[in-house]
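Reader: I am new to this structure. Please take the salt bridges and the part of the chain around them, and go through that closely.

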Amino acid sequence: MDKNVRKLRSRDINPCIEESDGSQKCLDANNYDKSMCSAYFLRYKNCRKYWHNLMVNRRRDGVKPDMPTAEERQEILAAIGGKPY
């Protein structure tokens with residue numbers, strides 16, 4: 001597995017692995033008919049948007065690291081009552 005693929009599959013770097021896998025499985029199950037998977041694509045898009053905005057706010061506020069670790073993200077989601085996307 002090359003470096004970029006490992007980076008994308010790292011839970012500490014990519015907070016939307018679950019949503020990405022869901023959309024890929026939907027495409028596989030529906031013979032790559034994108035119209036059948038729009039809900040999965042929207043969930044992935046909203047996930048990326050949510051965590052990107054959080055990362056930008058942390059960067060602006062001087063919090064390191066910019067992207068919370070997987071454990072921190074679980075705590076954040078638990079504090080707000082689940083996934084907002």
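Author: Lys 64 is a place to start: its relative accessible area is 68%, so Lys 64 is exposed. The model is a predicted one. Lys 64 and Asp 66 form a salt bridge, in which the closest N and O atoms are 3.9 Å apart. The cut-off for such a pair is 4 Å from nitrogen to carboxyl oxygen. Asp 66 has a relative accessible area of 18%, and buried means under 20%, so Asp 66 is buried.

Lys 83, at a relative accessible area of 36%, is partly exposed.

Lys 83 also meets the side chain of Glu 19 in a salt bridge, again with an N to O distance of 3.0 Å. Here too the pair links distant parts of the chain: Glu 19 belongs to helix α2 and Lys 83 to the segment after α4, 64 residues apart. Glu 19 has a relative accessibility of 5%, so Glu 19 counts as buried. In general, side chains of opposite charge can pair when their charged atoms come close.

Helix α2 runs over residues 17-29, which makes 13 residues. At 1.5 Å a residue these should span 18 Å, and the end C-alpha atoms are 18 Å apart, so the two values agree. The buried residues of α2 include Glu 19, together with Ile 17, Gly 22, Ser 23, Cys 26 and Leu 27. As a general point, an α-helix has 3.6 residues a turn, so residues three or four places apart point the same way. Just after the end of α2 comes Asn 31, where phi is positive, at about 55 degrees.

Note on methods. Residues are numbered from 1 along each chain as its sequence is written. This is a predicted model: local features need pLDDT of at least 70, side-chain atom pairs count only at pLDDT 80 or more; totals for chains, interfaces and linings use all residues. Side-chain values use heavy atoms; hydrogens and water are left out. Helices (H or I, at least four residues) and strands (E, at least two) are DSSP runs, numbered from the N terminus. The expected span of a helix is 1.5 Å times one less than its number of residues. Buried means under 20% relative accessible area, exposed over 50%, partly exposed in between (1.4 Å probe, protein chains only).
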